[in-house]
Amino acid sequence: HNPGSQRLTIHPSSMKFKKSKVDLSGYFSFAAPGNFVLNVNSNKLNYNEGLSLLTKSIQGKLNKYTIEKPLTIRTRIAGRLVPGSKPDVDINFSFVNSNVNMAKIEARKVTLEGSFSNHLDSSQINDNRNSMLTIHRFKGIIKGLPTTLSATVKDFNDPFIDLKSNIALNLKSFNSEIDNTRLKFDKGKFSATIEYTGKLNEYLNQQITKYDGKLKGSATITQAAFQLGPRKQIVDDFNMAVRFDQNKLAIDKISLLMNKNPLVVKGEILGFVPFFLQPEKKGFIKLDIYSKRFDFNTLLVKKSKNKSSAKDQELKRKTISDQVDELYKKLEFNLSLQIDEVIFRRIKGTALKGTVTLGGRKLEAKNISMGLAGGQFGLSIGLDKLNSPINPLVIEGTLTNADIKELLYGFNNFNQKTITHKNLRGKVTMKVNLAANVDDELEIMTPSVKGNIRLSVKNGQLIDFEPLQNMSNFLMKKRDFENVKFGEIKSNFTIRDTEVYFKKMEIESSVLRLFMEGRYSLANHTDLSVQLPLSNLKRRDKDYKPENVGVNTKQGLSIFLHVFSDKEGKTIIAYDPFKKHVKSK
């Protein structure tokens, strides 16, 4: 202290705390108008102890954060020795490889360089509104994502942030952050850039559903490969490029191989803030999906039944996976499909087009059309309770001019062995309305089937059908029962469980005309009444063309047969001379 100069000088000094060492220097000049400069520096400052050196106002703002490792800090406090005057405060700080808690965001292995000033505008009061925090360089891991960023925060009464961030990681390293029973990366790289200008509390609030600030960014994935879900679907050669702002996410292009099936996806996502997983009410994903060839059989791998280890159980509680599940519940998918060649079980279709809507627990496919068995197929599907082992299914479909042999083969003869693709020829047109349950493997549970089918078969032929051939043992022995040609067969069928019921229908063929009604069974309960008019005894030349006369036309004298299944499931044809079977119906 020099009384003559009215100046108090603080020579370089040190203060030791429990966990820190702080160096001091500066001066106080008491000569009018009076001013001071105080330097506070430390190469190893504990964050909480460092807060105690600051004003209560600054402490109130910074004690919301925690920094695990010691900081390097350079502080200059300068001002006038006037009552009520607030000094200029300038702080430069840094730390290396520390865990940090920022509001509700936790970051690991953070290296940071930053600064603080409370006098941005020298013409204004040094207060919270006139303060700025600058993050010159941040490098760390936030929610498993290696992140670098820079940012400025102004107006500490209602902080306003201007942030630029970059994320880059090897996707395989991200497996430790997610539930690997749902998603497991084998390779690939992810990168993203994010820019945000707006309120800090809006940015940090993970419950936010709509931004007033401005957000923009982009993300890419290159050469990724991963496995999906308990069925272990394999996705390879995954590449993605997307752009987003505060309103939507635009998918410029996604290309991938799913179980070796090529897919190209474009579209947009509306109604929620990208990367923050909180739709305001419901998020909408609109995608255009194209594939040159897609084999759905590759997706029908049974779920893995391996017992979960303790580590697996721990993974199931991963926060990110839970967030994805929550996000899925709040999203509605609207998919526009175009597949040049589609395969499902033995069914092969061409030029498939249509839309699929998936939201919550329900899937709806509308206006699906494709070439099938040489004809044209139209379909609408509703599938409910997708998270249950048994899913109610509703089908409305039309099939026009399809090859019946190819159709039966594709549908595995509808799980029956009586009349198969080896026996039938012709062109089929039908309208179908069905309701049923399907299991986890998308297999229709036959006992649950209910519905109606309106059917027409033209240019029909029945080849090598043994029950019909057996009729030649006692009826019209000289006619060809091995290759029987038909007129148009038309009927309406009612399906209940494994049983198909139909009213009287006409079958006019090259060997005979008959009328049939009753029940055809997929479970060995067939019970049919067959009427054979004696007019069949009239000679029919080889070039005879079958033409229907109608079910209401009087047929005169007739022979009646009873067609049924025995206990072994074999089809039996018996003479019913007194029409007992008909009378019993």
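Select Lys503 first, and display the residues around it: leaving out residues up to four places away in sequence, Lys503 touches Ser491, Asn492, Met516 and Glu517, where contact means heavy atoms within 4.5 Å. The residue lies in strand E26 (residues 499-508); helices (H or I, at least four residues) and strands (E, at least two) are DSSP runs, numbered from the N terminus. Lys503 is exposed, with a relative accessible area of 71%, on a scale where buried means under 20% relative accessible area, exposed over 50% and partly exposed in between (1.4 Å probe, protein chains only). A distance drawn between the C-alpha atoms of Lys503 and Ser491, which are 12 residues apart along the chain, reads 7.7 Å.

This is a predicted model, in which local features need pLDDT of at least 70 and side-chain atom pairs count only at pLDDT 80 or more, while totals for chains, interfaces and linings use all residues. Residues are numbered from 1 along each chain as its sequence is written, and side-chain values use heavy atoms, with hydrogens and water left out.

Next, move to Thr526, whose place is in the loop between strand E27 (513-521) and strand E28 (527-533). Is this residue buried or exposed? Thr526 is buried, at a relative accessible area of 8%. Leaving aside neighbours within four places in sequence, Thr526 is in contact with Arg519, Tyr520, Ser521, Val563, Phe564 and Ser565. From Ser521, the backbone nitrogen lies 3.1 Å from a polar atom of the Thr526 side chain.

Asp179 is buried, with a relative accessible area of 1%. Which side chains does the side chain of Asp179 meet in polar contacts? One is that of Thr181, at 2.6 Å, and another is that of Arg182, at 2.9 Å; a polar contact is a pair of N or O atoms within 3.5 Å, where within protein one must be able to donate a hydrogen and the other to accept it, and residues adjacent in sequence count only if both atoms are side-chain atoms.

Now select Gln223 in strand E12 (residues 214-228). At 44% relative accessibility, Gln223 counts as partly exposed. Setting aside residues up to four places away in sequence, its contacts are Lys187, Gly188, Asp237, Phe238 and Asn239. With Asp237 the link is also a polar contact between the two side chains, at 3.3 Å, whereas for Phe238, 15 residues from Gln223 along the chain, the C-alpha separation is 5.4 Å.

Select Val428 and its surroundings: not counting residues up to four places away in sequence, Val428 touches Leu399, Thr400, Asn401, Ala402, Ile404, Leu407, Leu455, Ser456 and Val457.

For strand pairing, which requires that DSSP finds at least two bridges between two strands, begin with E7 (residues 105-117) and E8 (residues 132-142), which pair in the antiparallel sense over nine bridges. Here Phe116 stands opposite Leu133 in E8. E8 and E9 (residues 145-154) also pair in the antiparallel sense, over nine bridges, and the bridge partner of Gly140 in E9 is Thr147. The hairpin of E8 and E9 has two residues between the strands, and in this hairpin Lys143 takes a positive phi near 55°.

Another hairpin to display is that of E13 and E14, with two residues between them. Strand E13 (residues 233-245) and strand E14 (residues 248-258) pair in the antiparallel sense over eight bridges, and Val235 stands opposite Met258 in E14.

Finally, colour the whole chain by pLDDT, the predictor's confidence in each residue, from 0 to 100. The mean pLDDT of the chain is 83, and 85% of its residues reach 70 or more. Over residues 312-321, however, pLDDT stays under 50, and for this stretch the model has 22 contacts beyond four places in sequence. Where pLDDT is low, the predicted coordinates should not be read in detail.
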